[in-house]
Amino acid sequence: MLQRTFGATGLHVSAIGLGTGSIGGDDVSEEQVEELLLGALDAGVTLIDTARSYGLAEERIGRYLAHRRQDFVLSTKGGYGAELVDDWTHAAIVRGIERALTTLHTDVIDIFFLHSCPESVALRDDILEALERAREAGKIKVAGYSGERAALGACVRSTHFGAAQCSVSLFDQKNLEAIIPSAEARGLGVIAKRPLANAVWQMRGWPDDEHAEYWQRMQAMQLSVPSYDWLDVAVRWAAFAPGVSSAVIGTSRIDHLQDAIVAAEKGDLRPEQRSQIATAFAAKDRGWEGKV
């Protein structure tokens, strides 16, 4: 698995990471979760990404990966859901980090992301102070912001964060225009989320609201991709997008993750493919910004 420097943070991550939003529910067995998490590390994945809002995900990562903690970079997200305190307060950050350390069975969280809050919250003095004190105490290594558009841009341009996480896919390319280049220039590590755009190419007919925007964009772009190559193209587009450190694949199945790893091992798309995809998006993106 290709390993990359994560901005100027001193961390190193695999080109494909594992997103754990799909392992937080009771519908996924403990055996399946263990197979996925251990199988990911065995396949060379060195970035595991989770969040407070991902149900049982943090607890399960702590249960099955504590003994291999030195083998991967761990990122989680928070700012909310801390017991007995209001969300998006100094206390919520402090208690949230403490809770995550305990739940994940670790002494340090490599990357702690503020999770999709407005820029007025992310850049508030009490929030930034809580993050800085956690860094000074060795409880987190890097503070980051996970979100989109204006708030993401403001946090990237500030001097307070060492990491960013945002959408990058065939059907969501806006962050590649200015925000990710700005992050790269400032030494931020960048994690691409939703690189498969919910695999809307598998859907037959108009999908539900959760997937409708990606579906609409796919139809409008009219890319000439054979049906059996969609995953290959989507993974390589995101994982090798300029400025992206790692693309996290959200799945509960080890075979799905392995398919993405095989795709990434082929390397970047040909320049003419990348140009065709970018041109198709640019020609159709009027009115899309901020919808996904």
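Let's start with Thr76, which sits in strand S5, residues 73-78. Strands here are DSSP runs of E with at least two residues, helices are runs of H or I with at least four, and both are numbered from the N terminus. A word on what you're looking at: this is a predicted model, where local features need pLDDT of at least 70, side-chain atom pairs count only at pLDDT 80 or more, and totals for chains, interfaces and linings use all residues. Residues are numbered from 1 along each chain as its sequence is written, and side-chain values use heavy atoms, with hydrogens and water left out.

Back to Thr76: buried or exposed? Thr76 is buried, at a relative accessible area of 0%; buried means under 20%, exposed over 50%, and partly exposed in between, with a 1.4 Å probe and protein chains only. Its side chain makes a polar contact with the side chain of Glu58, at 2.5 Å. That term covers a pair of N or O atoms within 3.5 Å; within protein, one must be able to donate a hydrogen and the other to accept it, and residues adjacent in sequence count only if both atoms are side-chain atoms. Beyond four places in sequence, the contacts of Thr76 (heavy atoms within 4.5 Å) include Arg52, Leu104 and Phe112.

The structure holds one cavity of 30 Å³ or more, and the largest cavity has a volume of about 70 Å³. Of its 15 lining residues, Arg52, Gly78, Tyr80, Gly96 and Arg99 are the closest to the centre. S5 and helix H3 (90-103) are the elements giving two or more residues to this lining, and H3 has the largest share, with five.

Points are joined across faces, edges and corners, and the volume is the space filled by probe spheres set on them.

Last stop, strand S9, residues 189-193. Five of its five residues are buried, so S9 is largely enclosed by the rest of the structure. Gly189, Ile191 and Lys193 point one way, while Val190 and Ala192 point the other. In a regular strand, side chains alternate between the two faces of the sheet. Strand S8 (residues 163-167) runs parallel to S9, joined by five bridges; pairing takes at least two bridges found by DSSP. Within that pairing, Cys166 stands opposite Ala192.

Definitions and conventions
1 Å grid on protein atoms, 1.4 Å probe; cavity = no way out; pocket = protein on both sides within 12 Å on 5 of 7 lines; lining within 4 Å.
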